[in-house]
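Thank you all for making the time this morning. I would like to walk through one structure with you, going from a strand to its neighbours, then to charged pairs, a pocket, and a few backbone details.

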Amino acid sequence: MNPAYATVDHTFTVPLDHRAPDGPTIEVFAREVADPARAGDELPWLLYLQGGPGGKSPRPSAGSPGWLAQALTTHRVLLLDQRGTGRSAPITARSAARFASPERLADYLAHFRADAIVADAELIRRELCGDAPWETLGQSYGGFITLTYLSQAPQGLKACYVTGGLPGLTATADDVYARTYPRVRDRVLDFYARYPEDAPRLRKIADLLAADDVRLPNGDRLTPHRLRTLGLALGMGDGFERVHWLLDEAESPGEDGELSGTFLHQVMALTGFTDNPLFAVMQESLYGQGAGPTDWAASRALADFPEFAGDADPLLLTGEMMYPWMFREIAGLRPFADAADLLAARTDWPPLYDPNRLAANEVPLAAIVYHDDMYVDAGLSLATARRIGAARVWVTNEWEHDGVAASGGRVLARLMDLAAGRA
């Protein structure tokens with residue numbers, strides 16, 4: 001128990017498929033957190049919905065996550081490990097390899113979208129709160145889950161706070177990636193403007209990787225296209241510096257042309273998806289709603305943006321895009337390769353959002369939209385906000401996508417004020 005917090009661990013048994021409640025079950029984990037001085041008080045519940053997909057809920061420590069201290073002044077917080085993550089029936093390369101066929105794995109993974117997470121949350125709410133509704137804080141993908149929650153079970157919600165996570169209600173994967181590539185391009189060019197020495201550094205490293213068979217510590221080959229996926233970090237508040245200082249130590253001192261062990265180890269960790277394979281596996285399924293297959297939309301869209309060609313100058317990094325080659329070349333994703341192809345071809349995804357119910361929504365919804373968000377398109381977010389009843393939106397460029405944590409609680413406090421009509 002962290003002395004800064006009073007915590008209680010909970011485990012819940014839920015159906016794998018909520019449409020078949022008598023079928024197989026899985027265990028879902030959540031951690032209750034309260035201010036020790038108020039642990040015995042009757043406090044309202046705040047359910048935290050982590051971003052991702054595939055991200056486990058944060059593990060609390062002094063000062064982290066940055067919004068938690070603010071939340072605990074008024075609430076009891078439930079940090080939910082969404083199904084498939086953390087201690088909730090985690091899906092890993094090892095567990096995926098145990099499935100008898102890609103078809104069985106794909107069918108299993110289809111039960112790990114937002115609709116199932118909402119059904120889990122409702123079962124948990126009834127067990128902890130009875131009939132009383134609770135509040136939610138949804139970061140990034142957690143905001144997508146929030147709109148599914150408002151679409152499917154608004155009776156369980158008292159108020160909702162969303163940070164960088166209002167999705168396009170009818171946007172297809174093709175719509176999303178047509179908007180994503182230009183935002184990533186602009187972010188990479190901003191990165192080069194801040195650190196102009198990194199453009200030739202990256203080109204030099206990419207040329208080396210194209211010419212030589214360079215291996216990461218786990219045996220994976222480091223290719224130019226895997227190197228470019230480091231751009232995924234650039235949308236966070238410290239992303240430019242994380243990538244810059246990584247490149248700063250790329251070459252071994254005194255060994256011209258040799259990449260350092262430190263660099264190779266960090267690249268392996270940053271691009272390996274060891275802790276969160278669902279982030280890659282389920283990324284495009286977020287946009288599957290019966291409008292045809294997603295069909296590797298990010299990969300198909302790449303051809304429309306020649307500035308992302310491998311021989312273009314400057315060399316552009318990529319962002320939150322998943323490509324078929326990842327599932328053949330990255331050890332942590334290889335067991336999912338054939339199942340990922342099946343998910344990309346799937347056409348029977350059920351709808352995640354109910355536009356009519358959202359238009360009639362009466363649950364207070366307060367959302368922050370980051371004007372320059374690299375991951376979630378601000379234009380789609382604002383169009384969605386206009387279609388939701390009882391929604392109040394704050395647009396800002398003061399923070400990047402991780403503003404709720406980086407602001408030290410200021411973002412959450414203002415969203416709570418917005419939802420309550422105090423701001």
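Let me begin with strand β4, which has both of its faces covered: R76, L78 and L80 on one side, and V77 and L79 on the other, are all buried. Please keep in mind throughout that this is a predicted model. In a regular strand the side chains alternate between the two faces of the sheet, and that is the pattern to have in mind when reading those two sets of residues. Since five of the five residues of β4 are buried, the strand is largely enclosed by the rest of the structure.

Which strands, then, are joined to β4 by four bridges, and in which direction do they run, parallel or antiparallel? Strand β2, residues 25-34, is joined to β4 by four bridges, and these two run antiparallel; within that pairing, V33 has V77 as its bridge partner. Strand β3, residues 45-49, is likewise joined to β4 by four bridges, but here the two strands run parallel, and Y48 stands opposite L79.

A further strand worth a glance is β6, residues 157-163, which contains V162. V162 counts as buried, at 0% relative accessibility, and its C-alpha lies 4.8 Å from that of G138, although V162 and G138 are 24 residues apart in sequence.

Let me turn to the charged side chains. Side chains of opposite charge can pair when their charged atoms come close. Searching the whole structure gives 32 salt bridges, and I will pick out a few of them. D9 pairs with R87, with 3.4 Å between the closest N and O atoms. D9 lies in strand β1, residues 6-15, whereas R87 lies in the loop between β4 (76-80) and α2 (93-97), so this pair ties together parts that are 78 residues apart in sequence. Both partners are partly exposed, D9 with a relative accessible area of 41% and R87 with one of 47%.

A second pair is R185 with D186, where the closest N and O atoms are 3.2 Å apart; R185 is partly exposed at 25% relative accessible area, and D186 is partly exposed at 38%.

C129 is in no disulfide, the nearest cysteine sulfur being that of C160, 14 Å away. The cut-off for a disulfide is 2.5 Å between sulfur atoms, and the 14 Å between the sulfurs of C160 and C129 is therefore too far for a bond. Both cysteines are buried, C129 with a relative accessible area of 17% and C160 with one of 0%.

Next, a pocket. The second largest pocket holds about 360 Å³ of space and is lined by 18 residues, of which D17, R19, H111, D115 and P350 lie nearest its centre. By class, its lining is made up of seven nonpolar, three polar and eight charged residues. Helix α4, residues 114-129, gives the most to this lining, with three residues.

I will finish with the backbone, where there are two cis peptide bonds to show. One joins G52 and P53, with omega about 5°, and P53 lies in the loop between β3 and α1 (68-72). Another runs from D313 to P314, with omega near 0°, and P314 is placed in the loop between α12 (297-301) and α13 (326-329).

Which residues have a positive phi although they are not glycines? Among them is S140, with a phi of about 55°, which lies in the loop between β5 (134-139) and α5 (141-152) and counts as buried at 11% relative accessibility. Another is A390, with a phi of about 60°; A390 lies in the loop between α16 (378-385) and β8 (391-396) and counts as partly exposed, at 41% relative accessibility.

Conventions:
Residues numbered from 1 in each chain as written. Predicted model: local features only at pLDDT ≥ 70, side-chain atom pairs only at ≥ 80, totals over all residues. Heavy atoms only, no water. Buried < 20%, exposed > 50% of the residue type's maximum accessible area, 1.4 Å probe, protein only. Salt bridge = Lys/Arg side-chain N within 4 Å of Asp/Glu carboxyl O. 1 Å grid on protein atoms, 1.4 Å probe; cavity = no way out; pocket = protein on both sides within 12 Å on 5 of 7 lines; lining within 4 Å. Points joined across faces, edges and corners; volume = space filled by probe spheres on them. Nonpolar A, V, L, I, M, F, W, Y, C, P; charged D, E, K, R; others polar. Pairing = 2+ DSSP bridges.
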